[in-house]
Amino acid sequence: MKLDVNALGTFYRMAREGAGLAAGRLTHMLGVETQVGVTKLNFMRGQEIRRDFEDSTDKVGVRVKLTGGIEGYSVVVFDRENALRIVETLLAEAGPDANVETDVGEIDAFDEMTESATTEVGHIMNSGFIDGWADVLETVIDVSTPEFVEGESAEPFFGEIDEAPADDDLALLFQSRIETVGTEVGFSHYLFPKRESMAKLLERLRTSDGIEYDKLDGFDRMAERGAEEVAKTATTLTGIDTNVEIRRLNFVSLEAIPEQVANEKLVGVAFEFDGMPSGYLLFLFDEESAHEIVDAMVPMEVEEDGFGEMGTSAIKELGNIMASGFLDGWANVLDTTIDHSTPEFIHDIGAAAVDPVIIQLGENQDFAFVFDTVVVADGREFDCEVYAIPDESDLERALNNLDVDRIEETPTTAEFQEVDNA
């Protein structure tokens with residue numbers, strides 16, 4: 001099974017179109033203004049999906065079986081509280097004409113009526129997604145009768161689905177958020193296609209020789225190895241016990257990245273890397289996390305804002321460590337050379353922090369791979385967004401030359417460039 005950037009781009013347009021239709025139908029049903037928030041394509045392993053369900057939060061979902069242009073299952077999953085909020089709004093809109101006796105302000109459990117209302121909402125949203133996919137693919141996708149599901153673990157939602165990924169298998173999932181006036185309707189959307197169905201679809205969508213799917217799996221594992229190297233080298237250079245975890249690999253439109261960046265002061269470092277592949281690396285921290293990093297790395301009192309000469313140097317040094325860990329690990333596995341520039345410090349609000357990189361990239365490509373990462377040092381958690389954006393054609397060539405067996409066998413070693421504190 002092979003894919004390429006064009007195929008992933010089509011999937012992304014499917015996700016956006018589907019989310020737009022789902023939001024419009026939710027607006028019509030609830031009578032409140034909605035818009036699409038974040039849309040991502042996530043590459044997640046089965047164990048990561050299951051971990052998402054193990055957060056001590058009750059969840060409800062609506063599941064349908066697909067046949068035709070795509071075969072498999074589509075599942076919309078809400079936190080139970082979000083589902084009840086939607087039901088309250090829906091029943092309030094129904095009003096006395098619907099003979100609703102339930103006090104919508106006191107709904108805290110699902111009875112036959114609220115379960116039916118949730119199923120209807122979930123089915124309409126599922127149908128919105130699926131109709132959007134069908135429009136983009138110019139095909140017909142049939143949908144089964146919706147099934148209401150609830151539980152605290154992943155098992156009730158897709159434990160019986162053969163197409164669901166095993167713990168170590170990499171699955172392509174859609175994730176969207178629909179925003180309403182005054183609140184937010186967050187949910188996860190899982191598409192579990194049959195492998196044969198997905199292979200046929202990818203074959204039709206590819207415009208290049210493509211990348212074997214197991215090579216993309218290898219790319220994700222390369223990133224995991226890079227994360228391990230980041231942890232080891234950060235511990236060595238700072239003396240702080242450090243762990244770095246990559247949660248998942250996302251594929252997003254370049255235009256969407258500024259939309260996803262929090263509208264707050266951000267601190268980060270940017271690098272350009274050159275070799276096979278070439279591209280950009282961008283590490284972004286919220287300001288609080290950056291202060292934590294500075295406090296942990298600088299063993300003395302620093303300027304009040306934490307980002308004077310010493311604070312800036314600390315952030316750049318950590319960024320240098322992370323960039324070297326990622327890229328040297330990739331170079332070793334790919335048996336190539338990848339050099340990166342000295343770090344460029346960033347301290348700006350929201351989208352302004354990423355716009356310069358996005359503008360440069362947008363001249364040559366439309367999409368980016370984004371690693372969702374958490375850095376933990378000395379018992380403190382740092383929220384960190386890692387944007388690894390390789391040149392599309394370089395990445396395809398590099399991954400096609402990848403020997404997957406080398407990933408576990410090849411040691412990762414990092415070499416560090418001096419950080420210019422000027």
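These legends describe close-up views of one predicted chain.

The model is predicted, so local features need pLDDT of at least 70, side-chain atom pairs count only at pLDDT 80 or more, and totals for chains, interfaces and linings use all residues. Residues are numbered from 1 along each chain as its sequence is written, and side-chain values use heavy atoms, with hydrogens and water left out.

**View 1. The whole chain.** The chain holds 13 helices and 16 strands (DSSP runs, H or I of at least four residues and E of at least two, numbered from the N terminus). Of its 422 residues, 54% are buried (under 20% relative accessible area, 1.4 Å probe, protein chains only; exposed is over 50%, partly exposed in between).

**View 2. The annotated spans.** UniProt, in an unreviewed entry, places "domain: CheC-like protein" at residues 113-149 and 310-346. Its positions follow the numbering used here, feature names are shortened, and annotations may be inferred rather than shown by experiment. Residues 113-149 are 68% helix and 16% strand, with end C-alpha atoms 15 Å apart. Residues 310-346 are also 68% helix and 16% strand, and their end C-alpha atoms lie 15 Å apart.

**View 3. Helix 4.** This helix covers residues 112-137. Its 26 residues should span 38 Å at 1.5 Å a residue, and the end C-alpha atoms are 37 Å apart, which agrees (expected span: 1.5 Å times one less than the number of residues). Glu-138 follows, with a positive phi near 55 degrees.

**View 4. Ala-234.** Ala-234 lies in helix 7, residues 213-238. Ala-234 counts as buried because its relative accessibility is 1%. Beyond neighbours within four places in sequence, Ala-234 is in contact (heavy atoms within 4.5 Å) with Gly-239, Ile-240, Thr-242 and Ile-321.
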